[in-house]
Amino acid sequence: MNMSIVGKQFGLTDSIKSYMDNAFESLSKYNLDIVSIRCVISADEKQGRKGFVIDFSLNLAHKDTVVIRHKDKDLYAAIDSVVDRASKVLRRHHDKVNSHKNRDEMKQNALNEAVKAIESNQSETIDEIVPTELELYKPLEIDEALNKLKESTDQFLVFNDMDAKMRVLYKRKDGRFGLF
């Protein structure tokens, strides 16, 4: 986690830096992937009133940046308020990620991916085309083709007849033969 603390028009003391570091460390309890935290503290004086403005940005992996801006008279109260708001955002995100609904959804997604992987493996074996050579070297008479089909265990025979037409002779369920 990359942390940076910047003071604008304001001198940062060691006590303020250590207080901010402790506040940043308290945000790590949610076990989220926090990429960076940037805090800009600036002194603000308008109409004779002194105050502090804190711009707090929190970058999470795989999520948008959370930006919190707070203005207060007391610097430590402003820091506490910003950390509380950031903690609330992180807690909500943590609960959303780790809820039972999300776990059921993740299990269902994993199951769907496993089914798709199995189906893709099965479809590769089912859709396989095996090339075979046909014996179409010379034309056959229909009687010759019928004798050849009777001698074999095949269900059909593709051949060229004497008129150079491609024909199909097949066995029917009733034991007779058909010709296309």
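Visitor: Where is His70 found, and what makes His70 count as buried?
Guide: His70 is found in strand E4. This is a predicted model, and in it the relative accessible area of His70 is 18%. Buried means under 20%, so at 18% His70 is called buried.

Visitor: What does His70 touch, residues up to four places away in sequence aside?
Guide: His70 touches Phe52, Val53, Ile54, Ala78, Ser81, Val82 and Arg85.

Visitor: Why is Ile68 called buried?
Guide: Ile68 is found in strand E4. Its relative accessible area is 4%, and the cut-off is under 20%, so Ile68 is buried. Leaving out residues up to four places away in sequence, Ile68 touches Ile54, Asp55, Phe56, Val82, Arg85 and Ala86.

Visitor: How far apart are Ile68 and Ala86, in sequence and in space?
Guide: They are 18 residues apart in sequence, and their C-alpha atoms are 7.5 Å apart in space. What counts as a touch is heavy atoms within 4.5 Å, and Ala86 is among the residues that Ile68 touches.

Visitor: Which sheet does E4 belong to, and what is its strand order?
Guide: E4 belongs to an open sheet of four strands in the order E1-E2-E3-E4, with mixed pairing.

Visitor: What makes E1 and E4 edge strands?
Guide: Strand E1 (2-8) and strand E4 (66-72) each pair on one side only. From one strand to the next, the twist averages 10°.

Visitor: How do you know that E1 and E2 pair, and in which direction do they run, parallel or antiparallel?
Guide: Pairing asks for at least two bridges. Seven bridges join E1 to strand E2 (residues 34-46), and the two run parallel. One example is Gly7, whose bridge partner in E2 is Ile41.

Visitor: What holds paired strands together in general?
Guide: Strands of a sheet pair through backbone hydrogen bonds, either parallel or antiparallel.

Visitor: Which helices pack on this sheet or lie across its strands?
Guide: Helix H1 (residues 14-26) packs on the sheet and touches E1, E2 and strand E3 (49-60). The direction of H1 makes about 145° with that of E1. Helix H2 (residues 75-98) lies across E2, E3 and E4, and runs at about 155° to E4.

Visitor: Which residues of H1 are buried, and why are they said to be on the same side?
Guide: Ile16, Met20, Ala23 and Phe24 are buried in H1. They cover an arc of only 100° around the axis, which puts them on the same side of H1. An α-helix has 3.6 residues a turn, so residues three or four places apart point the same way.

Visitor: What covers those buried residues of H1, and which residues are exposed on the other side?
Guide: The cover includes E1, E2, E3 and H2. On the other side of H1, Asp14 and Asn22 are exposed.

Visitor: What is the order of the sheet that contains E5, and how do its strands pair?
Guide: This open sheet of three strands has the order E5-E6-E7, with antiparallel pairing. Its edge strands are strand E5 (156-160) and strand E7 (177-179), each pairing on one side only. On average, neighbouring strands of this sheet are turned by 20° against each other, direction ignored.

Visitor: How do you know that E5 and E6 pair?
Guide: Five bridges join E5 to strand E6 (residues 166-171), and at least two are needed, so E5 and E6 pair. They run antiparallel. The bridge partner of Phe159 in E6 is Arg167, and Leu157 stands opposite Leu169 in E6.

Visitor: What do E5 and E6 form, and how many residues lie between them?
Guide: They form a hairpin with five residues between them, and Ala164 in the turn has a positive phi of about 65°.

Definitions and conventions
Residues are numbered from 1 along each chain as its sequence is written. This is a predicted model: local features need pLDDT of at least 70, side-chain atom pairs count only at pLDDT 80 or more; totals for chains, interfaces and linings use all residues. Side-chain values use heavy atoms; hydrogens and water are left out. Axes are lines fitted to C-alpha atoms, for helices over the stretch in contact, and angles run from 0 to 180 degrees between N-to-C directions. Buried means under 20% relative accessible area, exposed over 50%, partly exposed in between (1.4 Å probe, protein chains only). The arc is that of the directions from the helix axis to the C-beta atoms.
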